[in-house]
Amino acid sequence: MSTTMEGCLARRDWPGLAKHCEESELLSATVGTKTAREVYGALLAIYLLHRDLPNAKFMWKRMPMEYKTKGGVLCAIWEVGKAMWNREFPAAHAKLSSRDWPAHVKPIMSDLAESLRREVVDMVGRCYSKITRSQLAAMLGFPDVGAACQELGWPVEGDYVRPKKPVLVVGPLWEDSKTRLGSLTAYSSTLEN
């Protein structure tokens, strides 16, 4: 693994790491050498983290066949991607937590699991008025959701959870927009005069 990759991983600089990996892949293609498995692994995981599933799929298709070994890291990352593509959240969480990820993808996969949980919490809050604890646990990838429900302020009634809709904050954004519109109007008036 290159020092640039190590630095980006340590800082959790995912855009910088993606750029480095994409440049490494292009350079390898130009020179005629094989791209390192670590580069493919990190870039595939970043595509999943950013929900760029089409690019993840195209990357999987262009990857050398010998890198796609059954039981390998790249195959495991792609299994998570397939579950995300099919919106199978329980399967995605199961695949994310089913192995100890190597150092070049571990922080990315950790962030992916957390962002997937946040996405599911938001979706459940918007779409469900009542859900069983076991369904919610499977969707969030937790064995028990008691602590998560308490933290979210979702009441638990027996075997059911009553999610609350996420709060949409529009006040400050609206005020900021009005301020920007005022300054833009003043600027355009100055240009016209």
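pLDDT is the predictor's confidence in each residue, from 0 to 100. I open my notebook with that term, as the model I am looking at is predicted.

**Entry 1: confidence**

I looked up the score for the chain: the average pLDDT is 86, and 90% of the residues reach at least 70. Then I went through the elements. Helix H5 (residues 73-85) has the highest mean pLDDT, 95, while helix H10 (residues 171-192) has the lowest, 65. A reminder to myself: where pLDDT is low, the predicted coordinates should not be read in detail.

**Entry 2: salt bridges**

How many salt bridges does the count come to? I noted twelve. I picked some of them to follow up.

**Entry 3: arginine 62 and glutamate 25**

The side chains of these two residues, arginine 62 and glutamate 25, form a salt bridge, with 2.6 Å from N to O. Which parts does the pair tie together? Arginine 62 sits in helix H4 (residues 53-62) and glutamate 25 in helix H2 (residues 14-31), so the bridge links parts that are 37 residues apart in sequence.

I also checked how accessible each partner is. Glutamate 25 has a relative accessible area of 11%, and buried means under 20%, so glutamate 25 is buried. Arginine 62, at 42%, is partly exposed.

**Entry 4: glutamate 114 and arginine 117**

Glutamate 114 and arginine 117 both belong to helix H7 (residues 106-127). They are three residues apart, about one turn of the helix. Their closest N and O atoms are 4.0 Å apart in the salt bridge.

Is arginine 117 buried or exposed? Its relative accessibility is 18%, so arginine 117 counts as buried. Glutamate 114, at 38%, counts as partly exposed.

**Entry 5: aspartate 144 and arginine 133**

My next pair was aspartate 144 and arginine 133, whose side chains meet in a salt bridge at 2.8 Å, N to O. Where do the partners lie? Arginine 133 is in helix H8 (133-140), and aspartate 144 is in the loop between helix H8 and helix H9 (146-152), so the pair ties together parts eleven residues apart in sequence.

For accessibility I wrote down 48% for aspartate 144, which counts as partly exposed. Arginine 133 has a relative accessible area of 22% and is partly exposed.

**Entry 6: a network**

Which residues do they join into one network? I found Arg51, Arg87 and Glu119 joined this way.

How values were computed. Residues numbered from 1 in each chain as written. Predicted model: local features only at pLDDT ≥ 70, side-chain atom pairs only at ≥ 80, totals over all residues. Heavy atoms only, no water. Helix = DSSP H or I, 4+ residues; strand = E, 2+ residues; numbered from the N terminus. Buried < 20%, exposed > 50% of the residue type's maximum accessible area, 1.4 Å probe, protein only.
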